[in-house]
Amino acid sequence: MAPVNEIDFGTPPSLSEDMVDVVIDGQTISVPAGTSILRAAQTIGAAIPKLCATDSLQAFGSCRLCLVEVEGRAGAPASCTTPVAPGMVVRTQTAQLSKLRRGVMELYISDHPLDCLTCAANGDCELQDMAGAVGLRDVRYGYEGENHLDLPCDESNPYFAFDPSKCIVCSRCVRACDEVQGTFALTVRDRGFSSQVTASQSESFLESECVSCGACVQACPTAALTEKAVIAIGQPARYVVTTCAYCGVGCTFKAEMRGEDLVRMVPYKEGKANRGHSCVKGRFAWGYATHKERILNPMIRGSIQEPWREVSWSEAIAYAASEFKRIQGKYGRGAVGGITSSRCTNEETYLVQKMVRAAFRNNNVDTCARVCHSPTGYGLKTTLGTSAGTQDFDSVRQCDVMVVIGANPTDGHPVFASRMKQRLRQGAKLIVIDPRRIDLVRAPHVEAVHHLPLRPGTNVAVLTAMAHVIVTEGLVDESFVHARCELDAFEFWAEFVSRPENSPEATQAYTGVDANELRAAARLYATGGAAAIYYGLGVTEHSQGSTAVMAIANLAMATGNLGKPGCGVNPLRGQNNVQGACDMGSFPHEVSGYRHISDDATRAVFEELWGVELDAEPGLRIPNMLDAAVEGDFKGLYVQGEDILQSDPNTRHVAAGLAAMECVVVHDLFLNETATYAHVFLPGSTFLEKDGTFTNAERRIQRVRKVMAPRNGYADWEITQLLANALGCPMNYGHPSEIMREISAVTPTFEGVTYERLDELGSVQWPCDAAAPEGTPVMHVDGFVRGKGKFVVTEYVPTEEKIGPRFPLLLTTGRILSQYNVGAQTRRTANVAWHHEDVLEIHPHDAEDRGIRDGDWVKLNSRAGATTLRARITDRVAPGVVYTTFHHPGTQANVVTTEHSDWATNCPEYKVTAVQVARSNGPSDWQTDYVLKARRSRSVAPVEPAE
Ligand code: SF4
Ligand code: SF4
Ligand code: SF4
Ligand code: FES
């Protein structure tokens, strides 16, 4: 596709259902009441010149270029700020209007550099376009007067430059930052001729509050705000619509190309998850695809002490297959397994689990959801009948009360956070339940009505206490419960939550949450209108993760907040395709569509298609694979696109498990930390280099489209196919669409999903079948997937991880906006400008007790291990709680996390570790040792010259 600018209607659409007839340039049209004249004219192709208006922002009326004549009205009103009225007669093109518009343009051009031919925006500049549109030929004022042409350029942001000499002070950037992003980082300083756009308090963009989302750059009509890649490479010549490969929001982008070079990623207005917005990761952090550390040739080595040896694809595949066969021959069929990747496509994930089941002939397959949202799968399936969130993101527009628990959307799911903030600024109420004062608690023009700073590990007690208030104060939606839920289970649950020991007053002592505040929050949730719960890993990554998910579902059922817009139970998924990886059968007990492997009828479907008999016994989960490896029973692992050494808990144990294996095959972009223990390295492809689909947190299946050829030679699905064939499991797919055809054929919830339908509709949300051929935005509308909703008793069982004299603080972990997961991609981009190391947040009281100053190196000690990092003193964390991120392998935050895990799913308890913190002089023994080992393991033997 050539880069056609999507039509800009100038002002946002009116949502009114009343229609108004107007006459524009002699043509009668009917538009919704409240539509601007500018937009109405554009709908019939009468493009009125404009500069300060764009349809992603409210009209502002500052440039005066969009003037029109309206019969019966004096003067020439601005069409962007004037709504249509019944019977209105408008003229958009007259001699008088042309004269006025040329006059406006003369003023702009007289204070603008006349370097169009060498300007980076040449050909993509609205000022240039408007000068042409109004027929500007001359500037009467000359160019010598006072002007802004010498203002210095701000190049501090790694990704875009601000050249104030090209700024026309239209304020589109300021409004984009306010209205779309919600950061309010920009302002117009001074008045009149001195007006100037500045970031924060006249700081550079990098030092300001700017979070580099790019909304201002996108909104800017001139070259004042321009991507540095456009300045360096030039204007793009074509684009491909694809999906971001970072987080579970699943933003749609236009990958704009010039030749084989990716010039920029521009958020796509038609994207149903992001509605034209982006964050710093998807918008700018794609440079890892061409980073010099990317491995492009397969490599093998006999032992992890040896240097790597580059080999051909055929040798690497043959070696890996022969090793897996040798291991199975020697140690048994169950001695090998595979890990699928939530960063890879649905099709690739499906092939990995197929290879494990049909070629390894066991069910030893698992995925990183084990360590994040497996409790969501268990909890929502038990209560509601399906392992996924209930709403679409658009639903937030109708939400009256938001509960955010154990999630930090502005960092983890930033584009959705912007949509939440838009709704909150319109008046929706916010309850935050989190040990930290996350940004949402108090952001510009947003303030939580209640922040419940609970002690880590007490989610279940807090949620059950909220249920106590709802039941004992008569706030249950009785008609919903009677119509939609199992009554016996409800009554049993209601009696349980009503017990005095579950009251806010009784639980306050160990949750740390003020009883009155909790009561008020529960009342607001139950009575404030459409109420939605958004939750993240702060709910799931606990020894009671599944219980907490069920407690959330209980609250939603009790208050009737399911099955309609604006409410629901909404897990905010971490990685881009974690929902898809789960959907595709990545768990050891389930095939695609969450059907148990022990079910004979389900297995028969796959056995007939694949021509092999499947094992009816569930296989090993990741922690069980590692335990078995340490015990000597598990010897071979294929890991696609995951870095379990860095991401999984208790790093020493993971390392011991990997070191005990005889063949570890790592399939990834970089020699990651897990590759330190690998024997075969298969270079992976980026999302830019392949076709496929991702499924985001709202069950939305979206196309990933190939933008460039794979630099490593193969897309990941092709590599798995080569390995499966070498293992004797025939696979012969010519394109990922053929894999999707197979997925649709064997997975009822994907029955109607084809690439053709995705291309036609843009995306679909599963279930997509004969009953819902265009997908299902909101689930459980007329009934729950399991029939009647099931209330589950959620008894609070404190974690075994206890604080005491040796380890008196509680560590909880999370992520930060600019980095992603283990950082393998984002650490290899300019995003390190914002976060180049993990730091430990510690409350001033705890720091003072230990003599710690801001920026000091501190040692973080737990029962599992120790690491060192710098301290940041902040009251964002409560006394007794410390917090860090896990993006940098130099820190190895998971050296200190323990093996405690969720009772139902083994999801690790990352969010609660008892620790001690003390000043330190430098890295821990583990860190020093590990750095040496990792460096050694990355050495590649020189290629011997051909004879
Ligand atoms: S930087 Fe661009 S968007 Fe912002 S005021 Fe200047 S011209 Fe307008
Ligand atoms: S990049 Fe985003 S946050 Fe930064 S100033 Fe622009 S709109 Fe605001
Ligand atoms: S919000 Fe998530 S999906 Fe969207 S651009 Fe950012 S990282 Fe990508
Ligand atoms: S576009 Fe209407 S005043 Fe600027």
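Start by selecting ligand 2: around it you'll find Phe160, Cys177, Leu186, Phe205, Cys210, Val211, Ser212, Cys213, Gly214, Ala215 and Cys216. Color that shell by class and you get 9 nonpolar residues, 2 polar ones and no charged ones. Keep in mind that this is a predicted model.

Now hop to ligand 1. It has 14 residues around it, and the closest are Cys167, Cys170, Ser171, Cys173 and Cys220. By class, the shell of ligand 1 splits into 11 nonpolar, 2 polar and 1 charged.

Next, click on Thr242 in strand 9 (residues 238-243). Thr242 is buried, at 0% relative accessible area, and its side chain reaches the backbone nitrogen of Arg705 at 3.0 Å. Show its contacts too: among them are Cys251, Phe253, Met265, Phe687 and Arg703.

Time for salt bridges; the whole structure has 47 of them. Pick Arg264 and Glu227, whose side chains pair up at 3.1 Å, N to O. Arg264 sits in strand 11 (residues 261-267) and Glu227 in strand 8 (residues 225-227), so this bridge ties together parts 37 residues apart in sequence. Arg264 is buried at 11%, and so is Glu227 at 5%.

Glu689 is buried at 0% and Arg294 at 6%.

Last stop: select Asp124, Glu227, Lys254, Glu256, Arg264 and Arg283 together, a single network joined by salt bridges that share partners.

Definitions and conventions
Residues numbered from 1 in each chain as written. Chains lettered and ligands numbered in written order. Predicted model: local features only at pLDDT ≥ 70, side-chain atom pairs only at ≥ 80, totals over all residues. Heavy atoms only, no water. Near = heavy atom within 4 Å. Nonpolar A, V, L, I, M, F, W, Y, C, P; charged D, E, K, R; others polar. Helix = DSSP H or I, 4+ residues; strand = E, 2+ residues; numbered from the N terminus. Buried < 20%, exposed > 50% of the residue type's maximum accessible area, 1.4 Å probe, protein only. Polar contact = N/O pair within 3.5 Å; in protein donor to acceptor, adjacent residues only side chain to side chain. Contact = heavy atoms within 4.5 Å. Salt bridge = Lys/Arg side-chain N within 4 Å of Asp/Glu carboxyl O. Lists of a residue's contacts leave out its neighbours within four places in sequence.
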